[in-house]
Amino acid sequence: MSQFCQEKHVPSEVRAKPRTTMRNITRNAVEEWILENSGRERGGLLRWRVVERRPTPLLFLTMCRIHENQWLLQTIRSTPFDGKLMICGPENYILCWVPSLSAPTIRPELHSKGPPFPRQQQSARVGG
């Protein structure tokens with residue numbers, strides 16, 4: 001029998017600090033950068049906070065699916081934004097159940113149209 005979920009430590013949120021030479025650090029620019037780097041397919045951003053500091057702000061990001069925060073952390077560490085990599089701070093990890101890689105995918109069309117099998121007629125009541 002295959003497992004559909006496994007217990008794993010994932011970051012509760014990702015803290016990123018842009019480098020001082022980065023110029024295009026706006027909410028829309030960073031959000032679009034994440035979504036264009038396959039963040040849209042992974043459920044999108046749930047929470048996005050900015051703490052204004054000089055010379056650069058701190059960004060706190062959380063994906064809609066908590067287990068995708070690990071992907072977000074790796075993406076920020078390895079994908080250049082504005083030609084440079086951002087700095088990721090120490091993360092707080094939480095233990096949660098996440099889908100395993102071998103879990104079957106659920107086709108959305110089955111859920112939108114109802115069950116994949118015809119409904120059965122209810123039997124007549126017997127007795128009084």
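Two strands are taken to pair if DSSP finds at least two bridges between them, where strands (E, at least two residues) and helices (H or I, at least four) are DSSP runs numbered from the N terminus. The model is predicted, so to speak of local features pLDDT of at least 70 is needed, side-chain atom pairs count only at pLDDT 80 or more, and totals for chains, interfaces and linings use all residues. Residues are numbered from 1 along each chain as its sequence is written, and side-chain values use heavy atoms, with hydrogens and water left out.

Six bridges join strand 3 (residues 45–51) to strand 4 (residues 58–63) in the antiparallel sense. The two strands form a hairpin, with six residues between them. Within this pairing, Arg-49 has Phe-60 of strand 4 as its bridge partner.

Arg-49 also takes part in a salt bridge (a side-chain nitrogen of Lys or Arg within 4 Å of a carboxyl oxygen of Asp or Glu). Its partner is Glu-13, and the closest N and O atoms are 3.0 Å apart. This pair links distant parts of the chain, 36 residues apart: Arg-49 lies in strand 3, and Glu-13 in the loop between strand 1 (5–11) and strand 2 (14–17). The structure holds four salt bridges.
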